[in-house]
Each structure stands twice: as C-alpha cells, then as structure tokens.
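Notebook open, structure viewer up. I'm jotting down what I look up as I go.

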Amino acid sequence: MEHALKTQQFENLTETRIEQLFKEHYSVLTAYANKFLSDLDDSREIVQDVFVHLFDNRESVKIHTSAKAHLFTSVRNACLNTIKQRKNHATHHENIKYLSSGFSLEADKILEQTELEYALFKAIDELPEQCQRIFKLNRIEGFTNQEIADQLGISKRTVETQISKALKSLRITIGPMLASLLIVYLLNALK
Amino acid sequence: MKQNNQHIDEQLLKAILEETSSDQDKQEFQKWIQADSANKDTFLKMQKIWKSSKGIEVFQKIDEAADWKIIKAKSGKTVQLKKVNLFMQYAATVLVLLSLSLVYLYQTTPGFGKYAEYKSLQTKNQIVLADGTEVFLNKESKIVYPKYFNSKVRNVEMEGEAYFQVKPDPTKPFIIKSGNAIIEVLGTSFNVKNEMDGTTIVSVNSGKVSLKNQKTQEIVYLTKGEKGIIQKRKVSESKNEELNFNSWKTNVLTFKDTPIAKVFSDLENYYGVKITNRSAKLDTLTYTNSFSNAPINKVIDELELVLKVHITKKGNHLSITDDKN
C-alpha cells in the first residue's frame, strides 16, 4: 500500500528493480488474476507476460503512477482481454463488469482481499510447524478436527488448541491490517 | 467466564467461527461481544482471518522461483529476437544499398562490371569486341564497350578517333555514341573522329552507316566513299575526298595531285609534327606519292628530292626552305 502512495514518476527500470518488483508482487498479482480467471495457469501466464513486457521494454516503459499500480492495471487489463477472448462470455459476465471500469471499486476490493490473503499466507508460514500444519489441514484441506487428530495421531483437544493458537497469533500479526473492518461492519449495518 | 473478558476463550470463538458452538457458547459469546466494542472488533478480525485463510491455497501453488526463470527465459528470447531483427534490418538496408550500388556500378562503370574501357595514350591499339568487331584506336582515344553484348543491340561509346570494322549482324545494330553523334550500322567499316572543336567526322570505307545528330535527331545515310560531319546542330554529308582519313590505322599515306598545303597538313596529322613552310614556290604545286609504314626521315628525304627544298627537323618541328643549291 505504501508503494502506491509513493508516486515515482518515470522510474528507471533496472533488471534488479524488476526482480524486486517480481518478488514483491508476483504472488499477489497471480492470485488476483486467478480470482477473475479461476485458472491458475492462465493467471500465471498473464502475469509472466506482464513482467516479460516490462523486461523487454524497460528502456521505453514509462510508469506514470507507482510501479505497483502499473503492474496491477496491466494484469487487470490482461485478464479482461483473456475473459473477452474466452468463448463462454456469459460465465464471466460479472467479472467483465468488475474489470471494465478503470477505477472499479469491486476490482480494488478484490485486490485488497488478495493482499490480505497473501499477508495471511506469509503469516501462517511463520507459525510453528505443527501449528501451521494443523491450521492448513483445517482451513485449506477442509478436514475436521477429528480427522486431523486421527491423521496426526494426536488428541482432538490438541488440534483445537493448535488452531486457536494459530488464530490468536494471526490476529496479532494481521490485526493491524484489519483496523478499518469495524467501521466497514458498522457502515454495512447502517444500510 | 468473566463478563467483560478481554481474554475470552479462543476455543469458544473458534467454535463460533466453525459453527460448532453449543447454545450455551452462543449466549456467552453474545454477552462478550456486547460488553465491549473492542471485543466485537476482535471477533470481526478473527472472522475475516478465518474466512480469508481459505483463500491462501493458491499461494502454495505458486512457485515464484520457477516462474521467475520462465520470465527470464521468455524475455531473454524476445530481447534476443529483437536484437536480431534490428541487426537484420540494418543488414537488409546495407545489403539493398550495396546491391543497388553494385548494379549501378555494374551498369555504368567501365571496367567494373558490364562494360570495359580502353584508353590509348601514346600508342595506337586494336581491340576485338565480343561480337568480333575490330576497333582500331588512335592515340589518346577512349572506347567503352560491353564485355558481352545483349541480344538486341551492340552499344559502344567512343572519344577521340577510331576505325571500326563492324562484324556484320543484321539482327543487332551496332551503335556508337561519340561526341554529338549517334552512328548506327549493321556491318561495315568506317572511321570516327572527334575534332577538338567538337566536330565529329565519320568516313565510310565500306557498307552503309546512319549518322544521327543527338541534339536535332537529324540523320544522314553514308555509303562508301562518303563522309558525314556533325558540327553543333548541323549535319552535312559529302563525298569523301580525304585520301588519308584512315592512314593513322593503315599506316599508308597517299597523295594524288594533292595541293602541297594539304600534303603538309596530312603529314602533320600522321607524324604528329609541326611543319613551317618558308618556301613560297611550293604553294602552287601538287604532289603525288604513296608512303607505307615510312619513317618520317624517309618522307623528308623524298620531299627534299622531289620538291627541291631543304627540310630541317628540330624535335617535332619541320622547317622547309628553298634549296640553297
């Protein structure tokens, strides 16, 4: 987020800078594209092409906003093109609507959500191994606590404790990112 | 459980999130959440984390290192391709320019491609062209001719003086551009001479020659024993009274009742000398004789004997005076 605010006009794109941008944004960009395309391989390809283009035209590409904004706009546009090219327009009708307008609030919300998920992914990665594995089995693989307990040969109680620990830890790490949630909630409640 | 507890049991919250909570838990949760807005905030955050954590699966499937390699590979290719393209563009441009200049040089520059050039300086030369035509080139003359003639026409260019013995070929006219003249023949022999003043004289020895003024496109046809003269815009034809028009080539000088002044002028031309006549008695005489391959001293001796004069030779200068004897 702080990058978006720090507007760098006509920044000089060195190879190192592009690699840095890749490390910072590639995963989020790909996951973001995946939310529209529901096809991870297509999403990867789109984002890769954006970087390839940046690479090949680094002499001439003029980034008027932040590099991050440039990347996300590029990916968003590429997604839109892909969706348009796909034969089954009807399925993606909603997505086209989100993507079409340049300042789509919905598309920005989706981006925010993707960023949150990436932050979570990183935070989960930092959890103690056992805690991390249990949490993932529960949240990603969708196993019940009993199933996890059986699988790992531990008590259900331990599984529950570990998940609670994970949640608490994540709340501490991720909490600051969610500062505005209450306001959003209240605003929604007022409607 | 404490009512305004900031440390509500995480297990309970989790049960709420998992929707596995008992009624008792739900009551307790309601109490807790209403006790403090901070509690509500905590729960909302947890809920958000809980829901969002389902969406992290995609990140596990993204291999950044591998995809970075793909990007490097892809971009490397396009960059290389672009460089090659740029190089190819330059190469193509250079090649086209080179080809054009080669074609231009080939078409125009004698000695380089299609055309050969021959320049004679102080010697006379004989050249046989590709079609078998013989060209005798006088001193200080030049001819430009194709190494091979094309199928329709035989074109040459000439400066100075030359005698052409054109190989007969009715299907391919032989065309000479010289000075202001365009001479077209089928097969014949004739002499072409550019004078210093720009006049071109064509003297025909055999066959038929067409002589065209390049400026006016006026044409005269010349046959054996005739000569045509192009002088600026005029073309004239006359009987060729000139006995020695091609003596430079035949090395034969012929005089037949020739006025002495004309004899001297022909000798001047042939031997490249300057003759000063200081003998008044010679002016009215004519002279008849023939020299073949004669050195100038032999001619001098002959003249002294017949004309009864004295000739002194200083370099290229002949001085003729009355014989003292």
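Which residues are buried in α7(A)? I find A:Cys131, A:Gln132, A:Ile134, A:Phe135, A:Lys136, A:Leu137, A:Asn138 and A:Arg139. Buried is under 20% relative accessible area, exposed over 50%, partly exposed in between (1.4 Å probe, protein chains only). That is 8 of the 11 residues of the helix (129-139), so α7 of chain A is largely enclosed by the rest of the structure. Helices (H or I, at least four residues) and strands (E, at least two) are DSSP runs, numbered from the N terminus.

Ground rules: this is a predicted model, local features need pLDDT of at least 70, side-chain atom pairs count only at pLDDT 80 or more, and totals for chains, interfaces and linings use all residues. Residues are numbered from 1 along each chain as its sequence is written, chains are lettered from A and ligands numbered from 1 in written order, and side-chain values use heavy atoms, without hydrogens and water.

Next, the second largest pocket: I get a volume of about 830 Å³. A pocket here is an open set of points on a 1 Å grid over the protein atoms alone where a 1.4 Å probe fits, with protein on both sides within 12 Å along at least five of seven lines; lining residues have an atom within 4 Å of a point. I see 29 lining residues, with B:Asn138, B:Glu161, B:Lys193, B:Glu195 and B:Asn269 nearest the centre. α7(B) gives the most to this lining, 7 residues.

Last, B:Leu102: it sits in helix α5 (residues 64-108) of chain B and is partly exposed, at 42% relative accessible area.

Methods
Points joined across faces, edges and corners; volume = space filled by probe spheres on them.
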